[in-house]
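Student: I have the model open. Can we walk through a few spots?

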Amino acid sequence: MMPRLSASFVIGAALSAIILLAALVSLFWTPYDYAALDIAARLLPPTPSHWFGTDHLGRDVLSMVMAGARNSIAVAIVAVCIGMGLGVPLGLLAAAQRGWAEESLMRVNDLVFAFPALIMAILITAVFGPGAINAIIAIGIFNIPVFARLSRGAALSLWTRDYVLAARLSAKRPLQISLEHILPNITGLLIVQGTIQFSMGIIAEAGLSYVGLGAQPPNPSWGRMLFEAQTMASFAPWLALFPGFAILFSVLGLNLLGDGLRDLFDPKSRRGVA
Amino acid sequence: MVSRVSRVLVLLILPILLAACGQSAPREGVVLGMQLEPPGLDPTSGAAGAIDGVVYGNVFEGLTRIHQDGSVQPALARSWTISADGLEYVFHLQPDVRFHDGSLFDASDVKFSLERASAPQSTNAQKGLFVPIEAVEILDPLNVKVVLKYPAGDFLFNMGWGDAVMVDPLSAPHNGTIPVGTGPFRFVDWHKGYAITLQRHDAYWGAPAKSAQIQFVFITDPAAAYAAVLAGDVDGFSAYPAPENLPAFEVDPRFEVVIGATEGETILAINNARAPFGNLLVRRAIAHAINRQEIIDGAMFGRGIPIGSHFSPAHRAYEDLTGMYAYDPSRARVLLAQAGYPDGFTASLKLPPPSYARRGGEILAAQLAKVGITLRIENMEWAQWLDQVFTNKDYDLSIVSHTEPMDIGIYGRDDYYFQYKSAAFKTLMDRLALTNDAAEREAILRVAQRQIAEDSVNGFLFQFAKIGVWDKRLKGMWTDAPIQGENLSEVYFER
């Protein structure tokens with residue numbers, strides 16, 4: 001029987017789906033060209049023709065928020081993929097090998113983990129120049145230790161299981177065991193963590209764009225929209241509200257979705273269930 | 001035991017809480033906001049306008065001073081006589097003038113200051129001001145004769161620049177951190193990254209400053225500037241950084257918004273030495289593709305006057321050349337096709353931090369896109385901009401405001417970052433330097449404006465407005481900014 005879907009899963013999935021849908025739709029349609037300036041129509045409040053109003057250069061805010069979703073999601077997805085793609089193999093390797101390999105891998109991990117991610121991201125983009133690609137790399141690098149630690153910890157507990165012991169007795173090599181027995185059993189955990197890291201990637205991208213190190217104009221980005229709205233918040237609050245809500249809802253949605261997924265994958269941790 | 005610890009904690013925390021709750025003590029003097037912090041405080045060895053913004057006319061004074069209407073007035077020289085051939089200036093100095101450290105100001109300081117600024121190893125940012133000087137002779141402690149190589153029509157005006165202030169041989173090497181001048185205020189302290197404090201110099205030789213203290217507080221972020229003015233943390237900004245907030249201040253009875261003129265020509269700087277910008281047709285095409293009013297409305301919320309050349313509309317010799325290349329995208333495309341770029345091209349646009357550049361850059365990129373020119377926008381910090389664009393000329397296009405007064409001469413400098421090389425223009429500047437007659441100078445300036453407009457050296461956008469925002473009770477602030485920096489001795493807070 002399928003477990004009952006929790007409320008947080010439903011709300012989270014719905015919010016995430018809306019944002020994802022907005023990003024997908026923006027690929028081939030936005031109400032207006034998000035980069036088209038119309039100085040004469042600047043700072044219009046939300047109206048039926050411009051649902052989210054227009055900014056100080058007359059661009060349609062709804063179109064910018066939609067295209068910004070695309071940018072945020074693309075950066076966050078690739079960053080999570082970098083983190084998973086490098087972190088998980090490292091974690092599995094550490095758990096399979098133990099000894100000095102594990103020690104050195106995990107200590108390097110700790111080293112990377114010890115730096116505040118956003119500060120290092122600022123450093124990387126400052127050295128290699130601002131732009132979406134460098135933002136992705138910077139955020140991705142700091143996802144690596146998260147996934148490495150997680151997969152190592154989970155794998156270690158699995159290595160003591162009977163089925164793993166059986167596999168070892170049948171002379172399977174550690175690498176094979178990691179791929180065939182360990183990895184499938186930690187997938188649920190990784191998906192949950194991936195969702196959380198995804199939302200953190202969106203925040204990190206917004207933060208980098210806010211300080212001018214993310215996507216460069218005319219490519220829209222939520223963080224830069226917030227930055228530009230700052231001095232105008234007193235008389236054009238819609239400029240700050242809509243990208244702000246976009247960040248809020250996508251991060252909230254992804255976190256709720258992550259919670260819901262954890263409940264799904266790990267019924268024991270579900271509240272109310274003994 | 002526990003109660004004793006908690007009692008100690010309360011004793012420790014209570015004063016902090018009380019201090020936080022208590023009303024802030026009434027402020028002394030005037031607190032002014034500034035967007036940029038100066039890199040040093042020596043106006044004779046730095047180009048940053050923020051240096052003059054703090055010390056010019058306040059800490060340091062020159063032989064002459066530029067009044068807010070742009071006229072030349074006596075300062076440390078109470079009067080002067082000029083020989084008939086315009087080659088000899090005798091300055092009669094103010095008697096009994098002392099530097100803030102107590103040393104006497106006399107003719108030897110004039111000789112020292114001028115010779116120091118014009119020396120080959122001088123680090124003065126405006127060495128051009130001192131080029132005409134042949135020799136400085138001390139006649140007696142209060143009279144000094146400056147002999148020129150050729151008649152220099154604007155010599156008295158130039159001696160009023162912040163770069164030509166009088167310094168003392170003893171304190172000159174330390175003026176970058178502890179400025180010692182003769183002005184109405186003396187330097188007190190500098191909290192790096194926060195504020196510079198000046199105090200009224202009671203032994204000032206002239207009319208004493210009206211305020212006991214002036215503090216400059218540095219607020220880089222325009223949003224923070226807005227909050228600081230609203231909250232009364234600063235009494236005002238002489239140059240307020242966010243024009244979008246002006247309507248809010250204009251309807252607020254507590255504040256006064258004063259829009260004046262500056263000498264800031266805001267331009268789209270073009271690297272004339274780089275392909276395809278070496279081609280005059282390309283530069284003219286860019287000029288036709290620029291819609292100035294749109295940039296002024298979008299980037300400056302309407303505050304700014306369109307210009308067609310590198311010259312202040314406030315000046316007598318101004319020639320309105322905005323019609324020379326009117327906004328005409330189809331004409332721009334024709335010119336691009338003639339130049340061999342029927343499909344346009346791609347170039348980079350490097351932008352410094354101020355909002356006029358960042359916003360103006362986005363608008364400009366959209367305007368040029370309409371004629372097929374794709375601009376890659378690169379935002380950078382000031383230090384990076386000065387290094388890459390200004391010093392190393394590693395750029396295609398940029399947007400910046402040139403705030404020096406009467407700086408059309410930069411177009412005659414081969415090494416300047418526009419990389420515009422014109423023998424004809426240099427000849428014009430040489431003639432200007434030799435001309436004393438006002439009408440003739442005006443005529444030359446008009447020809448010069450026309451030439452750089454015809455050559456479309458840069459994209460000429462708009463004259464920067466001086467946007468003053470301050471508390472209604474703050475009196476004596478300048479409306480216009482004829483030079484970088486303003487004299488604050490008349491400024492006071494009415495209580």
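Student: Where does A:Pro218 lie?
Tutor: A:Pro218 is in the loop between H8 and helix H9 (222–229) of chain A. Helices (H or I, at least four residues) and strands (E, at least two) are DSSP runs, numbered from the N terminus.

Student: Before we go on, what kind of model is this?
Tutor: A predicted model: local features need pLDDT of at least 70, side-chain atom pairs count only at pLDDT 80 or more, and totals for chains, interfaces and linings use all residues. Residues are numbered from 1 along each chain as its sequence is written, chains are lettered from A and ligands numbered from 1 in the order written, and side-chain values use heavy atoms, with hydrogens and water left out.

Student: What joins B:Ala275 and B:Pro276?
Tutor: A cis peptide bond, with omega about 0°. B:Pro276 sits in the loop between strand S14 (255–270) and helix H7 (280–289) of chain B.

Student: Why flag these at all?
Tutor: Most peptide bonds are trans, and most residues other than glycine have a negative phi.

Student: OK, phi then. What is the phi of A:Ala171?
Tutor: Near 65°, a positive value in a residue other than glycine. A:Ala171 is in the loop between helix H7 (162–169) and H8 of chain A.

Student: Is A:Ala171 buried or exposed?
Tutor: Exposed, at 64% relative accessible area. Buried means under 20%, exposed over 50%, partly exposed in between (1.4 Å probe, protein chains only).

Student: And B:Phe301: what is its phi?
Tutor: Positive too, about 50°, and B:Phe301 is not a glycine. B:Phe301 belongs to the loop between helix H8 (292–300) and strand S15 (305–306) of chain B. B:Phe301 is buried, with a relative accessible area of 14%.

Student: Switching to packing. At what angle do helix H2 and helix H8 of chain A pack?
Tutor: About 145° between H2 (residues 61–97) and H8 (residues 174–210), with their axes 8 Å apart. The axes are lines fitted to C-alpha atoms, for helices over the stretch in contact, and angles run from 0 to 180 degrees between N-to-C directions.

Student: Which residues of H2(A) meet H8(A)?
Tutor: H2(A) brings residues including A:Ile73, A:Ile77, A:Val80, A:Met84, A:Val88 and A:Leu92. Among their partners in H8(A) are A:Ile182, A:Ile186, A:Leu190, A:Gly194, A:Phe198 and A:Ile202. Contact here means heavy atoms within 4.5 Å.

Student: What about B:Arg441 and B:Asp154?
Tutor: Their side chains form a salt bridge, 3.3 Å from N to O. B:Arg441 lies in helix H13 (residues 438–454) and B:Asp154 in the loop between strand S9 (143–148) and helix H4 (155–158) of chain B, so the pair ties together parts 287 residues apart in sequence. B:Arg441 is buried at 10%, while B:Asp154 is partly exposed at 27%.

Student: And B:Arg446 with B:Glu319?
Tutor: Also a salt bridge, at 3.0 Å, N to O. The pair links B:Arg446 in H13 to B:Glu319 in the loop between S15 and helix H9 (329–338) of chain B, 127 residues apart. B:Arg446 is partly exposed at 27%, and B:Glu319 is buried at 18%.

Student: What do B:Asp394 and B:Lys350 do?
Tutor: Their side chains meet in a salt bridge of 3.9 Å, N to O. B:Asp394 is in the loop between helix H11 (382–391) and strand S18 (397–402) of chain B, and B:Lys350 is in strand S16 (residues 346–351), so the pair ties together parts 44 residues apart in sequence. B:Asp394 is partly exposed at 35%. B:Lys350 is buried at 6%.

Student: Which residues do salt bridges that share partners join into one network?
Tutor: A:Asp55, A:Arg59, A:Arg224, A:Glu228 and B:Glu362.

Student: Last one. How many residues of H7(B) are buried?
Tutor: Seven of its 10, and H7(B) is mostly covered. They are B:Val282, B:Arg283, B:Ala285, B:Ile286, B:Ala287, B:His288 and B:Ala289. Their cover includes S14, H9 and helix H10 (355–369) of chain B.

Definitions and conventions. Salt bridge = Lys/Arg side-chain N within 4 Å of Asp/Glu carboxyl O.
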